[in-house]
Amino acid sequence: SKSSVRSSRLVHSSPELGLPPTACTSNGSKFVTWAGRNNSTLTLHLAREKDNGCWAIETPFANPGVDCFRPSIAATDDGFVLAWDEYCDGSYRIAVAKFQNGAWSKVERVGADNERWLAPQAVAGSKGVYLTWTVLKSVRDKLGIVDNAAYAMMASYKNEELEILYDENNT
C-alpha cells in the first residue's frame with residue numbers, strides 16, 4: 001500500500017514541551033493543544049489555524065500555581081470540548097471546558113480528597129461528549145502496607161455540566 005504525508009507546518013517549538021499534544025478539527029478549523037512549561041507552572045496551550053495558514057497560540061486557562069497536564073480534545077458539532085488533569089494544593093483533579101462560538105464556557109472541575117484523578121480522554125459521539133479517566137487511591141492493608149488502588153471513571157459532558165456515570169453493579 002502507498003501512503004503520503006502532506007506538507008508539514010510548524011505549530012510550536014519549545015524545549016519545555018514534555019507531554020504529547022492532541023488535535024481535532026471542528027467546522028473546518030484545526031486545533032492543537034498541549035501542556036508546556038510557563039515559568040514554573042505547566043500550562044495548557046491551544047493553537048488555532050487561521051485563514052491565512054498561520055497558527056494563533058493562546059493559553060486559555062493559565063493559572064499560577066496550578067499545573068495542567070495531559071489535555072484531550074474532542075470535536076463537537078458546534079465547537080470542541082477540552083479536558084485535562086491539573087494539580088493544585090496537593091490534589092489531582094479533572095477539568096473540562098467547551099469552546100463554542102469563539103468563547104470558552106466556565107471550567108468544570110471534579111475530584112475527591114485523597115485520590116488522584118488523572119489522564120482524561122474525551123470522545124464526542126452522537127449523544128454528546130464522554131470522558132474517561134484513571135483514579136488512584138491510596139489504600140492500606142491490614143499489615144499497614146500502603147498501595148494504590150486504580151480504577152476507571154466515566155462521565156458525560158452536556159450543557160456545560162459534567163455528570164459522573166457510576167457503575168451501579170460494581171460499587
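Select Thr 41 first: its side chain reaches the backbone nitrogen of Gly 65 at 3.5 Å, a polar contact (a pair of N or O atoms within 3.5 Å; within protein, one must be able to donate a hydrogen and the other to accept it, and residues adjacent in sequence count only if both atoms are side-chain atoms). The model is predicted: local features need pLDDT of at least 70, side-chain atom pairs count only at pLDDT 80 or more, and totals for chains, interfaces and linings use all residues. Residues are numbered from 1 along each chain as its sequence is written, and side-chain values use heavy atoms, with hydrogens and water left out.

Thr 41 lies in strand 3 (residues 41-49); strands (E, at least two residues) are DSSP runs, numbered from the N terminus. Thr 41 has a relative accessible area of 10% and is therefore buried (buried means under 20% relative accessible area, exposed over 50%, partly exposed in between, with a 1.4 Å probe and protein chains only). Leaving aside residues up to four places away in sequence, Thr 41 touches Gly 36, Asn 63, Pro 64, Gly 65, Val 66 and Asp 67, where contact means heavy atoms within 4.5 Å.

Proceed to the largest nonpolar core. Of its 17 residues, Val 96, Trp 117, Leu 131, Trp 133 and Leu 162 touch the most other members. Such a core is a set of buried Ala, Val, Leu, Ile, Met, Phe, Trp, Tyr and Cys residues joined through side-chain atoms within 4.5 Å. Two or more residues each come from strand 6 (79-88), strand 7 (91-100), strand 10 (115-125), strand 11 (128-140), strand 12 (146-158) and strand 13 (161-164). Strand 11 gives the most, with four residues. A second, separate core of 16 residues includes Leu 44, Phe 61, Val 66 and Phe 80.

Next, display the aromatic rings. The structure holds ten aromatic pairs; rings of Phe, Tyr and Trp (its six-membered ring) pair if their centres lie within 6.5 Å, and planes under 30 degrees apart count as stacked, over 60 as edge-to-face and the rest as tilted. Phe 80 and Trp 104 form an edge-to-face pair, 5.6 Å centre to centre with 85° between the planes. This pair links distant parts of the chain, 24 residues apart: Phe 80 is in strand 6 and Trp 104 in strand 8 (residues 103-104). Phe 80 is buried at 0% relative accessible area, whereas Trp 104 is partly exposed at 23%. Tyr 87 and Tyr 92 make a tilted pair, because their ring centres are 4.7 Å apart and their planes stand at 50°. Ring pairs also link Phe 31, Phe 61, Phe 80, Trp 84, Phe 99 and Trp 104 into a cluster.

Now select Thr 76, Asp 78, Lys 98, Gly 128 and Val 129; of the 17 residues lining the largest pocket, these are the closest to its centre. About 260 Å³ of space lies in this pocket. Strand 5 (67-76), strand 7, strand 10, strand 11 and strand 12 each supply at least two lining residues. On a 1 Å grid over the protein atoms alone, a pocket is an open set of points where a 1.4 Å probe fits, with protein on both sides within 12 Å along at least five of seven lines; lining residues have an atom within 4 Å of a point. Grid points are joined across faces, edges and corners, and a volume is the space filled by probe spheres set on the points.

Finally, inspect two backbone angles. Arg 70, in strand 5, has a positive phi of about 40° although it is not a glycine. Glu 160 is in the loop between strand 12 and strand 13, and its phi is near 60°.
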